[in-house]
Amino acid sequence: MNHILKASNYIDTLCVGCGPAGLALACIFDEEPTARGGKAFLALEKTEACTWHPNLLLANTDINHHVYRDLVTPRNPQSPYSFAMYLKEKNRLFKFGLLGRPASRFEWSDYMGWVAQKLGNKVQYNSAVTEIVPMLENGQLVGLCVKGDDFSYTTKKLILSNGSSPQIPEVYREYLGSHVFHACEYLERLNAFKGNIPKRWLVLGSGQSAGEVIADLIGKYGDVHIISLHRSIGFKIAQLGQFPNLVFLPESIEYFKGLDDQGRDRFFNHVKSTNYSGIDTDESQHLYSVIYEDEVIGRERLKMVVNTELLSLMPSGQGYHVTLRDSFTGAQSDYDVDAIALGTGYQQPIVPALLIQLDDFLVKDAEGGLVVGSDYKVKLHGCDDVHVYVNGLSERTHGISDAQSFSAVAFRAGAIYKSIQACSNAPIDYAI
Ligand SMILES: Cc1cc2nc3c(=O)[nH]c(=O)nc-3n(C[C@H](O)[C@H](O)[C@H](O)COP(=O)(O)OP(=O)(O)OC[C@H]3O[C@@H](n4cnc5c(N)ncnc54)[C@H](O)[C@@H]3O)c2cc1C
């Protein structure tokens, strides 16, 4: 076992991904004096810098959480990595106070970049993790080898912070590429058109990303025509009321965890409109106004097609022919489009793809999913020496506030850090 600990590529705690969840964790490892050893913590991030959803960093977008719910404040209001400290250092503390609206997504991403820069060598960029290989001795799991194309590290404490995956409806998969793509690729795909922007678009979905893609296309290019396709009645306002949003309080995680499988499903359905398939009031008004004002001057750039599903999708000329069906009347309609943007949201597989080689060691619940503790530790068969955590990938077991939101990022990082400290082999100064 010791040869793993002594290996020159051994990292005590290794984190995959450095978005908000990974960054919040890196902050604690920097704040806590006992954890500052040279090899105590490393986050591997596949992109070249720490930005927040860079392909949807669009004009006129802002954050939908309170700025106190930053990377650290709920856990440690005295942390040097708070949004307030960022504003102070940028000399915008007072000016921000006068803004009278949430921080823009640009500013929030800049805040994250500011934190990442301060954490220096705790993050290694351009490092996509491609596989996690179990290390065995006498059939026992004694370590993990975390590999990418040009690196390999060993560890006994692994934290998956690699975020949710884009949800792609099956029918679009074979066409994915330059002209059919998920919204999470929006800006890079748009830039690749090099000014030769497709004119006829189909944009799927009723959530924030779909709304933002439409608003951006119309704002930038006067001559686009967009079919906005909805299975539902169209863009709804996200549930913004104070009472339903109490679900984002940390105590809600324990409540949710205590429910049985059926109860979790029911509860999730009760509260999902606080975070999913909804847009802001101003966004709704903007999109409605576009349609209305176009009608006044006798043109149409945006057509809402609601209560409707895709029947078929066929390549046609340089673009695609789509046949749609109204799910109430059964009436069909046909359109030719040049490009398709999928604002179809994100998903969390019940077992993260990166854990596939650990399958024999994973304890599974009745649905075949991971068993995850309150400390976000994944339950492994007969193994006390290797620890795997999920950081932002446990919506199924911990509820809506736990993933795809900033609400629990700081608290969750605190819980994981505390659990790691309690592991029998933590922490040692591994600087070799
Ligand atoms: C457009 C948009 C706006 C949003 N706005 C808000 C908001 O205002 N408020 C809110 O609370 N929530 C918002 N969300 C929800 C969002 O999911 C969270 O804010 C937050 O980004 C979740 O952080 P995360 O670190 O868990 O995941 P992510 O932000 O997805 O970060 C995962 C990181 O892991 C990296 N990675 C992935 N795979 C690998 C790999 N194999 N190897 C190495 N690195 C890897 C990625 O590059 C990324 O940096 C928004 C989501 C979107 C898409």
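**Exercise 1. Find which atom of Ala21 lies 2.9 Å from an oxygen atom of the ligand.**

Solution. 
Step 1. Look at the backbone: an N or O atom of Ala21 lies 2.9 Å from a ligand oxygen atom. That is a polar contact (a pair of N or O atoms within 3.5 Å; within protein, one must be able to donate a hydrogen and the other to accept it, and residues adjacent in sequence count only if both atoms are side-chain atoms).
Step 2. Turn to His53. An N or O atom in the His53 side chain is 3.0 Å from an oxygen atom of the ligand.
Step 3. A backbone N or O atom of Val129 lies 2.9 Å from a nitrogen atom of the ligand.
Step 4. Check the cover. The ligand on its own has 990 Å² of accessible area (Shrake-Rupley method, 1.4 Å probe). The protein covers 87% of that.

This is a predicted model: local features need pLDDT of at least 70, side-chain atom pairs count only at pLDDT 80 or more, and totals for chains, interfaces and linings use all residues. Residues are numbered from 1 along each chain as its sequence is written, and side-chain values use heavy atoms, with hydrogens and water left out.

**Exercise 2. Locate the two domains and the salt bridge across their interface.**

Solution. 
Step 1. Domain 1 spans 2–164 + 348–422, and domain 2 spans 167–238 + 276–345. These bounds come from an automatic or database domain assignment.
Step 2. Their C-alpha centres lie 33 Å apart.
Step 3. Across the interface, the rule finds 1 salt bridge (a side-chain nitrogen of Lys or Arg within 4 Å of a carboxyl oxygen of Asp or Glu).
Step 4. The side chains of Glu212 and Arg105 meet in a salt bridge, at 2.5 Å, N to O.
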